[in-house]
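Colleague: I am new to this one. Could you show me how to read a few of its features?

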Amino acid sequence: MLKSAWQPWAPTIEEKIPNENRGEFIFRNIALPSSSYEIYFYTKFKWEPTAVVPPENAACLKVDLVSPAERLAFLDKPQQGHDAQFRQLIEKACILDTMGKSQERDEVVSASASHLRYLRDVQTLVGTLKWIRTKKDLYQPVKSFFHQYSFHQYLVGEMLNRYPKGDPNLVEYLHMITPSIYSESAKMLLEKVEDPLVISTCVKALLTREDDGLLPVIVAMISKGQISAESAAELLTKKPEQGLWAMKAIAGLDQSPSSDDLLTAILPSVVDEYTQSVPEWLEDLLLRALTVEKSRDLILRYLKILVGLDRDEVWQVLIDMEKFEEISHKDFIEFLKLDPKKAYVVLWQNNGLNRYSEDILRLEQDFPFAAGLLTPGMTLSTPFGEVQIVNIMLIDGTIRQSVKKAEGNFILQVSSGTGLEKIEADLDFSQRMLQFKNENQIFCCSVCNSFYHPKQRKIDEHHRKIHPYEQKAFVIRHGSIPFSPDDIDPIESVY
Ligand SMILES: [Zn+2]
């Protein structure tokens, strides 16, 4: 292999020396500038592809067709055009490097930078960048400038316009980008290049900077079929906080099929991060995702989160999903059970053509409390403490297994305590009067006027607990006592 020592952009030439070759070997059909060359000798299998770099450990022979000083003198001739002038300077730098004059070398490299922006030959640029990378002792600021500025949007744009997509030198150039690339260049590359390595580096660059332009570009790429929503999601969610940022950015974009696709692809991993509190914008995205998500498991998961968050809109979504059979009736019932009280109201509101009558009945049976029903066994809070409903009787004397408190046409028989502590009372909701059984006097707290009890011990307890710093005061009443249905309420915890 023949390799130019001073022109890093010059392509290497690999030639096979025939087995029968003796004495000398002639490179044919090439014109070499009088310069310095490295010739590598090695063996390889016939089927191995042509190499562009010499293999490691290959024996190297240095051949100078001209002395460094002569070549330097030759290079002093003025040249036309940025590419030619740039190459001239870099070759000088390479010669100075072989002569060990590293300070002069760095000065020349630095001087060549003024042409960088106007370079049009990608091979020159790639060769130079590769050479600079190998020079560990090159002045760091110059080195950094080259690595950064070589991917300025002017240059990137020019190179993309000049070379066809698959051009090996262009591909090599693009593969040299790092996440430190300019944001504008990264956005341009995302729009024009389909190379996965380039895309992932550019996304990484913009994501790290939380660049507002990233998500619109990605959504556009998805709609043009340049990238799948799943691959984009994978790039955007490598770190949880970045996935969250991307989600927030999507919330700010116009809704479109592509942004919906990206949303549904990212959301599952972001939701995992939010087990404690969900910000409102994320709640909105969850609602939006419900209308486009296809996975049954995810739909159920989002519904559950939203029901838990008390987002009322979710109930309409749930009803619609049940109507269009997007979720099974069994799942539908499971969701109703998450918040039976609200579910009960929603079912009634949507019960046209008795669509949900059976579900309402079932809910009333399983969650009488949620349905606003009073049933035997239920615990009530009353002005005389907690009591259990023993029996329910309508005014006409018929016994009922359940009544609605609001109907008010019934008498509740209630009790609490056992033995000497036991009290029993009838609460007549139609008369709004209550009568304690087997009790003559009722102690009524005259501090708060909202507690009464037939046992004096209970009124003492009440004073100690509720009004410890007030003067104890009560009045004694006999017979029936008026009450307000508002003061009688089921206690949910029992269910
Ligand atoms: Zn009181």
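Modeller: Happy to; we will look at a helix pair, then some strands, then the domains. Keep in mind that this is a predicted model.

Colleague: How do H8 and H9 cross, and within what distance do their axes come?

Modeller: Two packed helices are described by the angle between their axes and by the distance between those axes. Here, helix H8 (residues 183-192) and helix H9 (residues 196-208) have axes that come within 9 Å and cross at roughly 140 degrees. The two helices are therefore oblique to each other, and H8 passes H9 in a left-handed crossing.

Colleague: Which residues of H8 and H9 meet?

Modeller: From H8, Ser183, Ala186, Leu189 and Leu190 meet Val198, Ile199, Cys202, Ala205 and Leu206 of H9. By class, this contact has 8 nonpolar residues, 1 polar residue and no charged ones.

Colleague: Now the strands. In what sense do S8 and S9 pair, parallel or antiparallel?

Modeller: A general idea to start: side chains in a regular strand alternate between the two faces of the sheet. In this model, S8 (residues 410-416) and S9 (residues 423-428) pair in the antiparallel sense, over 6 bridges. Serine 416 has isoleucine 423 in S9 as its bridge partner. The two strands form a hairpin with 6 residues between them, and glycine 417 in the turn has a positive phi of about 70 degrees.

Colleague: What does S9 do with S10?

Modeller: S9 also pairs in the antiparallel sense with S10 (residues 433-436), over 4 bridges. Leucine 427 has leucine 434 in S10 as its bridge partner. Their hairpin has 4 residues between the strands, and arginine 432 takes a positive phi near 55 degrees.

Colleague: And where are the domains?

Modeller: Domain 1 covers 308-371 and domain 2 covers 374-494; their centres are separated by 33 Å.

How values were computed: Residues are numbered from 1 along each chain as its sequence is written. This is a predicted model: local features need pLDDT of at least 70, side-chain atom pairs count only at pLDDT 80 or more; totals for chains, interfaces and linings use all residues. Domain bounds come from an automatic or database domain assignment. Two strands pair if DSSP finds at least two bridges between them. Axes are lines fitted to C-alpha atoms, for helices over the stretch in contact, and angles run from 0 to 180 degrees between N-to-C directions. Angles under 35 degrees count as roughly parallel, over 145 as roughly antiparallel, 65 to 115 as roughly perpendicular and the rest as oblique. A crossing is left-handed if the near helix is turned anticlockwise from the far one by less than a right angle, and right-handed if clockwise. Two residues are in contact if their C-beta atoms, placed from the backbone, lie within 7 Å. Ala, Val, Leu, Ile, Met, Phe, Trp, Tyr, Cys and Pro count as nonpolar, Asp, Glu, Lys and Arg as charged, and the others, Gly among them, as polar.
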